[in-house]
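The following paragraphs lead through one protein model. Please keep the sequence and the structure in view while reading.

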Amino acid sequence: MDKRQALIERLETSRAMMIAHLDEIDKNRKVYPLWTVREILAHLSGWDDATIGFIRDLMAGREPATPAARGLDVYNAETVATREGLSYDQVYREYIETRRVLLDLIREMPEEMAAQTATLPWGGKGTLEMIVMDIFGSHEEEHAEDVHKLILSSQ
């Protein structure tokens with residue numbers, strides 16, 4: 001299987017898992033002490049943004065930027081804060097759109113770039129394949145599971 005297709009399938013699976021729960025929960029419900037469902041979607045969009053930048057830099061022949069170099073917690077807080085004034089519907093549309101852009105970029109990039117070692121969004125070295133398969137796919141699924149647990153607890 002083409003590595004790009006495997007990445008796309010992983011991202012589509014994790015996204016479908018999250019979306020499956022969104023209609024079942026109050027959008028203003030706290031999932032974590034500081035985050036509602038809206039903030040989780042903003043957070044996930046922020047990581048899609050970082051991955052989009054990573055791929056664009058690779059495709060342009062540049063070393064990828066490190067938007068999370070000051071730490072994951074700082075980056076997470078920034079990605080949520082930059083979307084603070086947006087409604088749930090606006091955040092949801094961005095959540096869908098950033099993933100569409102990410103998937104399109106994966107389709108467009110040469111397959112060998114999936115395994116090209118470069119600077120990761122948080123620093124250090126790794127590959128897009130590692131970002132998607134080892135980190136972001138399961139990261140989104142963990143958030144989806146936390147939302148699902150809240151749904152089950154309120155039934």
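**A walk through the chain**

Both W47 and F136 are buried, where buried means under 20% relative accessible area, exposed over 50% and partly exposed in between, computed with a 1.4 Å probe on protein chains only. This is a predicted model, in which local features need pLDDT of at least 70 and side-chain atom pairs count only at pLDDT 80 or more, while totals for chains, interfaces and linings use all residues. Residues are numbered from 1 along each chain as its sequence is written, and side-chain values use heavy atoms, with hydrogens and water left out.

The overall layout comes next. The chain holds five helices and two strands, and their order from the N terminus is α-α-α-α-β-β-α. The radius of gyration is 16 Å, close to the 15 Å that the globule rule gives for 155 residues, so the chain is as compact as a globular protein of that length. That radius is taken over C-alpha atoms, and the globule rule is 2.2 Å times the number of residues to the power 0.38. Helices (H or I, at least four residues) and strands (E, at least two) are DSSP runs, numbered from the N terminus. The C-alpha trace spans about 50 × 35 × 25 Å along its principal axes.

Of the 155 residues, 46% count as buried. The accessible surface of the chain is about 7700 Å², and carbon and sulfur atoms contribute 53% of that area; the areas come from the Shrake-Rupley method with a 1.4 Å probe, and for residues only the protein chains shown count as cover. Among contacts (heavy atoms within 4.5 Å) with a separation of 6 or more, 75% are between residues 24 or more positions apart.

Now to the aromatic rings. A search of the whole structure finds seven aromatic pairs. Rings of Phe, Tyr and Trp (its six-membered ring) pair if their centres lie within 6.5 Å; planes under 30 degrees apart count as stacked, over 60 as edge-to-face and the rest as tilted. W47 and F136 make a tilted pair, with 5.4 Å from centre to centre and 50° between the planes. This pair links distant parts of the chain, since W47 belongs to helix α2 (residues 37-59) and F136 to helix α5 (residues 128-153), 89 residues apart. The rings of W122 and F136 have centres 6.1 Å apart and planes at 65°, so they form an edge-to-face pair. Here W122 sits in the loop between β1 (118-119) and β2 (125-126), 14 residues away from F136 in helix α5. W122 is partly exposed, at 25% relative accessible area, whereas F136 has 10% and counts as buried. Ring pairs join W47, Y75, W122 and F136 into a cluster.

Located in the loop between α2 and α3 (72-81), A68 is buried at a relative accessible area of 2%. Beyond neighbours within four places in sequence, A68 contacts W47, Y75, P121 and W122. A68 and P121 are 53 residues apart in sequence, yet their C-alpha atoms are 5.6 Å apart.

Helix α1 (residues 3-22) includes R10, which counts as buried at 18% relative accessibility. Outside four places in sequence, R10 is in contact with V132, M133, G137, S138 and E141. L22, also in helix α1, is buried with a relative accessible area of 2%.

Which residues does I106 contact, leaving aside neighbours within four places in sequence? They are R4, L7, I8, L11, I55 and L128. I106 is placed in helix α4 and is buried, with a relative accessible area of 0%. By contrast, E112, in the loop between α4 (88-108) and β1, is exposed at 60%.
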